[in-house]
Each structure stands twice: as structure tokens, then as C-alpha cells.
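The exercises below are to be worked with the sequence and coordinates at hand. Each task is followed by a solution in steps.

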Amino acid sequence: MKNSKHWHHYTHFHSSTWEIDEEFIADMEVLAKTMHKLDAPSLTSVSIHYPSSTTTHIQEGRRQDTFFYFKTWTMPNLSMLNLGNVIPSPFAGSASLRQLSLQWNPEEDNLVMFSLQTLDAFLAPCVLLEELAIELVCVSRLLSRVTSMGRLAKLDRLIRTNFTFRECDIHVVKTVMKELGFPSVQSMKLHILMPYDSLTVDPDMPEGDVHDILLEIFPDRTAFTKLSDLRLECDISRSYRPIQVSIPFVGLSKIKHLRLVTKNSILAPIPSGISLP
């Protein structure tokens with residue numbers, strides 16, 4: 001495409017509920033062929049969102065070159081990347097990224113795993129990354145088998161993170177936050193949405209409530225030693241009564257700016273003996 005040299009932003013969006021059929025695949029193959037090795041020297045941001053069922057195709061190794069067609073592009077000034085339901089292997093543009101946003105929303109009843117190993121491989125060359133946003137929308141059986149290979153890539157420039165967990169098993173949240181607990185992070189947005197409380201007995205729902213998850217994320221003052229700005233949002237829907245949520249202040253010893261947003265929950269009093277800046 002001759003005018004690609006003048007592109008600054010590129011967006012390719014499909015609804016999460018879009019069905020992947022033969023016609024969809026055929027259209028994607030035409031797109032990938034048309035845009036193969038695109039020259040886009042002025043491109044600064046790329047946003048690509050695929051349907052939820054894409055996760056199955058990619059993890060089974062089907063048509064990865066087609067779905068990852070943008071990896072062949074020349075875009076030396078790429079600074080922002082927004083991806084939905086896909087995590088590619090590293091490509092040339094990874095080294096210049098400063099902002100990265102990932103959404104992972106598999107189909108309901110889909111046994112596709114969210115792989116920290118794949119995420120680690122993609123993050124490794126993102127040495128200039130300053131902002132990272134991750135949204136996971138899953139039930140426990142989809143994420144309880146997270147694959148982890150130890151500490152993830154060290155990103156010394158990363159200072160801002162934004163995490164959203166929707167209906168995630170407490171053990172999954174613990175693993176993800178442990179592996180993504182980058183020591184240089186100064187500002188964090190954390191949004192936890194749980195459709196039940198600890199009194200709700202439903203074997204099909206994920207284990208743990210918001211209070212348990214917060215204790216896992218902020219176990220002590222060694223978890224996030226540079227974190228000074230935190231926006232914490234707890235959203236509990238369909239609960240039988242307001243839930244009391246205790247903020248783990250013991251793990252927030254360096255906090256200077258704390259914003260709390262709650263829904264159907266009550267904040268517990270600050271315990272005695274807690275020293276805040």
C-alpha cells in the first residue's frame with residue numbers, strides 16, 4: 001500500500017462474539033497477503049482485537065502467520081500496541097514499545113490457558129516499556145492452570161501498570177501478580193470484579209473473594225517497594241449482602257495517593273498500628 005508511509009495509527013477490530021468460520025479465515029488470509037511486509041515508518045500505534053475463539057486457533061498452532069500479519073511490518077516508531085485475544089511472539093517493533101495493552105477473553109467453556117510463558121517471551125525485548133495494562137476475563141478452570149516459568153522479564157523502565165481481573169480464581173490472580181510484580185512500578189490501577197461473595201456456594205464459580213485476593217496481591221511491604229500511587233476498585237455483583245473488604249495497608253507502606261472505589265462492599269476500619277506516609 002503506497003499510502004502506508006503516512007499512517008500514524010492502525011486499528012483492526014472484531015467483536016469478541018464474532019464467529020470464526022471459513023469466510024472469516026479467507027478474509028484474514030487476503031488481508032495478511034495484501035499487507036505483507038508493509039512499510040509504515042510513521043506508524044506509532046497499532047490496535048488489533050480478535051474474536052474470543054481466536055485463542056483456540058492460535059494455541060493450537062493454526063494460521064498463526066495469518067493472525068500475526070502485522071509482525072512483518074516495518075514500523076520503527078511504534079510506541080503503542082493494543083491487542084485483544086492474541087499474544088504474538090516478539091517482532092521488530094517490540095523494541096520501541098512504550099505502552100502495551102492486552103485483553104484476554106476466551107470463549108465461555110473454552111479450556112484455552114492464559115500462558116505466562118508466552119507473555120514472558122513477548123515482554124523480553126520490550127526494554128523501553130513504561131506502561132502495561134492487562135485484562136483477564138475468565139473463570140477458574142480456564143486460568144487455574146496458568147503456565148509459569150519463574151520470574152518474568154525484567155522491565156526496568158516500567159512504572160505504570162493497570163490490571164483488571166474478572167471472575168478469576170484466587171490462585172491465578174496470585175500467580176499473575178507475583179510474576180508481574182515489577183519492582184520499578186510506581187503507579188498501579190487494580191480492578192477486581194467478582195460476581196459473588198464468600199457466602200455464595202456455587203461449585204461453578206471461581207474460588208476466593210475480593211478480601212482474599214487483596215491479601216495475596218499485597219502480602220507485605222516487600223511486594224511493591226516503589227508503589228506510591230494506587231487506584232483500587234472492588235466490584236462485587238449479585239452478593240446477598242454488602243461485603244466488608246479489608247485493605248492490606250501493611251503491604252502499602254510507600255503509598256502517597258490512594259483512591260478506593262467499591263460496589264456492594266464496605267471498607268473495614270484502618271487497623272491500629274498502621275503507619276502510612
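**Exercise 1.** In which strand is Trp104 found? Classify its burial as well.

*Solution.* The model is predicted, and the steps below apply to that model.
Step 1. Trp104 is found in strand S4, which covers residues 99–104.
Step 2. The relative accessible area of Trp104 is 6%. Buried means under 20%, so Trp104 is buried.
Step 3. For a spatial reference, take Leu83, 21 residues apart from Trp104 along the chain. Their C-alpha atoms are separated by 8.7 Å.

**Exercise 2.** Locate Cys126 and list its contacts beyond four places in sequence.

*Solution.* 
Step 1. Cys126 is in the loop between helix H4 (116–123) and strand S5 (131–137).
Step 2. Its relative accessible area is 0%, so Cys126 is buried.
Step 3. With neighbours within four places set aside, Cys126 is in contact with Ser94, Leu97 and Leu155.
Step 4. Gly93 lies 33 residues from Cys126 along the chain, and the two C-alpha atoms are 8.9 Å apart.

**Exercise 3.** Which residues touch the most other members of the largest nonpolar core?

*Solution.* 
Step 1. The largest nonpolar core has 74 residues.
Step 2. Tyr69 and Leu190 touch the most other members. Helix H6 (residues 170–179) gives this core its largest share, five residues.
Step 3. Leaving out residues up to four places away in sequence, Tyr69 touches Tyr10, His12, Met28, Leu31, Ala32, Met35, Ile48 and Tyr50.
Step 4. As background, nonpolar side chains in soluble globular proteins tend to be buried together.

**Exercise 4.** Is Ile274 buried or partly exposed? Identify the surface patch to which Ile274 belongs.

*Solution.* 
Step 1. Ile274 is in the segment after strand S11 (265–267).
Step 2. Its relative accessible area is 30%, so Ile274 is partly exposed.
Step 3. Together with Val250 and Ile270, Ile274 forms a nonpolar surface patch with about 230 Å² of accessible area.

Notes
Residues are numbered from 1 along each chain as its sequence is written. This is a predicted model: local features need pLDDT of at least 70, side-chain atom pairs count only at pLDDT 80 or more; totals for chains, interfaces and linings use all residues. Side-chain values use heavy atoms; hydrogens and water are left out. Helices (H or I, at least four residues) and strands (E, at least two) are DSSP runs, numbered from the N terminus. Buried means under 20% relative accessible area, exposed over 50%, partly exposed in between (1.4 Å probe, protein chains only). Contact means heavy atoms within 4.5 Å. A nonpolar core is a set of buried Ala, Val, Leu, Ile, Met, Phe, Trp, Tyr and Cys residues joined through side-chain atoms within 4.5 Å. Patches are made of residues with over 30% relative accessible area and no salt bridge: like charges are joined within 9 Å, nonpolar side chains (Val, Leu, Ile, Met, Phe, Trp, Tyr) within 5 Å. Accessible areas come from the Shrake-Rupley method with a 1.4 Å probe; for residues, only the protein chains shown count as cover. A salt bridge is a side-chain nitrogen of Lys or Arg within 4 Å of a carboxyl oxygen of Asp or Glu.
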